[in-house]
Amino acid sequence: TPVYDYVVVGGGTAGLTVASRLTDNKDVTVAVLEAGFNAEGLQEVFVPGLIGSGIAFTTLDWSYKTVPQANLNGRTLTVNAGKGLGGSTLINSMIFPRAEKEQYDAWGQLNNDSSWTWTNLLPFFKKSELFTPPNAHQTAAGARFLPAVHGFAGRVKVGFPNFFFEQSALWRRAAESLGFPASPDLSNGDPHAVGVAPNSLDAANNTRCSAACAYYTPFADRTNLVVITNATVSRILWANSTGELVAVGVEYLVNNETLTVGASKEVILSAGTIGSPKVLELSGVGNSTILNAAGVSPVLDLPTVGENFADHVHSWANAFTNVTLTKDALLLNPAFAAEQLALWFKNRTGLYSAAPRSLGIAAPSDVFSPSQLAALVAQAEANLTHFATQFSNGNPALAQGIAAQHKIALDLYKRNKELPLEMNAEPGYSGPTAFAARPARNYTAINSVLYAPLARGRTHIVSADPLAPPAVDPAYWAHPLDVAAQVGGIKLARRMLAAPPLGAVNQGEFEPGTDKDTDAKIEEWLRGVVASDNHEVGSLSMMPQKLGGVVDTSLKVYGTRNVRVADASIIPFPVSAHLSSTVYMIGERAADIIQRAQN
Ligand SMILES: Cc1cc2nc3c(=O)[nH]c(=O)nc-3n(C[C@H](O)[C@H](O)[C@H](O)COP(=O)(O)OP(=O)(O)OC[C@H]3O[C@@H](n4cnc5c(N)ncnc54)[C@H](O)[C@@H]3O)c2cc1C
């Protein structure tokens, strides 16, 4: 068995960050085991406008299925997660802002550790970034940035695209007319505003910069960094079965062969919010009842593994438009699409050079009237213990932890600082109806993403077979405030579609449809259509053990000597942003913590 200092499970967003930083020291050896393959050479990965096409959502996607969702008409939803070197950054939409500073501060507050607060985390956000400021064309198209909040010597290339859709600019002005301030920079910790989102792309040649592009490709020739692809980790190997657990390596599968690799110092779990708890449970760490039922012998009873799971869900309002240069034009006219793709390969311009999103992050005051908000918050406060207990799966410590999270969220709601919705303009159709089934026209869509859900669910193994998918239950919409916010998102999206100057190109609503003219009808429609936004967090949450946490503030799994978690699963509660910048920050912070622990 080959032995490395560190073994990283999962070569995704945070996993490659940790591996890359640790091997900056040439005396340190790291092995990364990744279930997928190196997909950097595929155009579906590197061309920004091909997001979601080709194999992006097939081979390169775990495509996890939820259990039937009781609040969504019993539907089974898909939670996408990238499978391949780079993880979810291979297939994500490349939108690269950050959440509000009060939410990061709340991680510190929950954990009684001021090192996990916005001010102290900002250096790690910056450390990950190699930011290219907007050029004159991009600035004229609305791109803005504040140098003080960016990094210029990191590894993830961040910048702006070469093409901007007309509808995005019209929408930003419409949002401003509804009271959204123009953002000086969507990464400044104060995202209640509207602006052009920075992207995780290499502005020099207009290509996606995944975690592999950032943290692996430039360092692939390091002899102290070994990356094994097509390797599915089945479990952590322990030296002991009583007392504090000591990991000595991991077992993994390549094709049908079982192999092992040794770790002389630490094992780092970076398999994602659904993948990491699965590996821990397969290794005998979790709720003993759940493990026994799945046929795994418990080694350490840590009953909150896989609990406290939360995800963002999104919905849409879309309208026909007389604007003709839309993403729909690519679908409606294959010859035009081929021309545009050729243009991208020729000089990196045209419709495929854009990862087309402008964002506006809504505050409670944009979504609710003062009296409506007061009533919703009062109701949530009155039912705090009820819901915390319901979501905790019978674990009293976690019930306290969820209650503490809800209290923080509701206090922020009252200060207009918990931002419940992302609004973003899609220059083309976005919604639940397949291309062939909808009118062959041009559209403007406003996505609204539920950003601060109070519902908590879980993900657990149901089998000892490492290749069997886990049962994922996000418990979408299990809290009334979540439902009210998402209904409010449709109404806000409609106001945006009607507001000038966007209103001038609006040729009538397609979905939800003007017949959905009451909150109750909107809600009923949404139950049948809302989809995961693939922002799952919290399943191995960083919280004190007395609040049902799984890792401490050094990211170490309670009850183990040398297993840490670095990925989105440690994020204790959903934050109001797309996640990748935050996950890179976690990877940078994890590497720093590990390096300091060794010195
Ligand atoms: C379709 C989609 C769109 C998104 N859009 C955006 C966006 O626009 N902007 C944004 O900021 N965020 C976006 N996100 C979210 C963001 O990309 C993720 O939250 C983030 O990348 C997760 O990082 P991670 O390190 O936790 O996990 P991942 O990056 O998913 O890495 C986990 C890795 O572990 C591997 N793995 C899992 N199990 C095993 C195992 N047993 N053995 C070996 N390897 C294993 C996986 O294959 C994967 O490579 C999107 C996500 C998706 C899926």
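Modeller: Please note that this is a predicted model, in which local features need pLDDT of at least 70, side-chain atom pairs count only at pLDDT 80 or more, and totals for chains, interfaces and linings use all residues. Residues are numbered from 1 along each chain as its sequence is written.

Biologist: Of the 42 residues around the ligand, which come nearest?

Modeller: A residue is near a molecule if its C-beta atom, placed from the backbone, lies within 6 Å of it. Of the 42 residues around the ligand, those that come nearest are Gly-10, Gly-12, Gly-87, Ser-93 and Gly-275.

Biologist: Which element gives the largest share of the shell around the ligand?

Modeller: Helices are DSSP runs of H or I with at least four residues, strands are runs of E with at least two, and both are numbered from the N terminus. Helix H1 (13–22), strand S11 (232–238), H8 and helix H18 (580–598) each give two or more residues to the shell. The largest share, four residues, comes from H8.

Biologist: How many residues of helix H8 are buried?

Modeller: A residue is buried if 20 or more other C-beta atoms, placed from the backbone, lie within 10 Å of its own. Helix H8 spans residues 272–282, and Gly-275 is among its buried residues. The helix is mostly covered, the buried count being 11 of its 11 residues.

Biologist: In S24, which residue is the bridge partner of Leu-269?

Modeller: Two strands pair if DSSP finds at least two bridges between them. S13 and strand S24 (residues 563–565) pair in the parallel sense over three bridges. In S24, the partner of Leu-269 is Val-565.

Conventions. A residue is buried if 20 or more other C-beta atoms lie within 10 Å of its own, exposed if 12 or fewer, and partly exposed in between; C-beta atoms are placed from the backbone.
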